[in-house]
Amino acid sequence: MKANTKEVNEVRGDSKDAIEVARHCTGYSAVQRPSVTDRAGTPVNIRVQRYVDSSGWPTRFWSVILNGELLCVTVYKKGANAVAETLEQAILGQTS
């Protein structure tokens, strides 16, 4: 069930509720990549998700998150996945 504009406007005052409605409306998604370990054996967490702006609203852009920190923002999900895949391959290349 999609939220309508009235529902979104009603919850704009409380950011947590607004984000939940925005996620519901925009199909907000995050892709958790399989875990990779670096040379030291430390797990590396790479995630691709919608970029959320400073006001807390998901945008049309995609972000790559590396160990909980923003690595880059791309326009297309395909580009974010390519960055994550390249990073993953670079990490795996160091371990072999």
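Reply: Below are notes on confidence, one hairpin and the core.

Reply: This is a predicted model, in which local features need pLDDT of at least 70, side-chain atom pairs count only at pLDDT 80 or more, and totals for chains, interfaces and linings use all residues. Residues are numbered from 1 along each chain as its sequence is written, and side-chain values use heavy atoms, with hydrogens and water left out.

Me: What is the mean pLDDT of the protein?

Reply: The mean is 75, and 61% of residues reach 70 or more. pLDDT is the predictor's confidence in each residue, from 0 to 100.

Me: New topic. How do β5 and β6 pair?

Reply: β5 (residues 58-66) and β6 (residues 69-74) are antiparallel, over five bridges; pairing requires at least two DSSP bridges between the strands. V64 has C72 as its bridge partner in β6. Two residues lie between the strands, and N67 in this hairpin has a positive phi near 50 degrees.

Me: Which residues make up the largest nonpolar core?

Reply: Nine residues: V36, V44, I46, V48, W62, V64, A80, A84 and I91. A core is a set of buried (under 20% relative accessible area, 1.4 Å probe, protein chains only) Ala, Val, Leu, Ile, Met, Phe, Trp, Tyr and Cys residues joined through side-chain atoms within 4.5 Å.

Me: Which element gives the most to this core?

Reply: α3, with three residues.

Methods
Helix = DSSP H or I, 4+ residues; strand = E, 2+ residues; numbered from the N terminus. Buried < 20%, exposed > 50% of the residue type's maximum accessible area, 1.4 Å probe, protein only.
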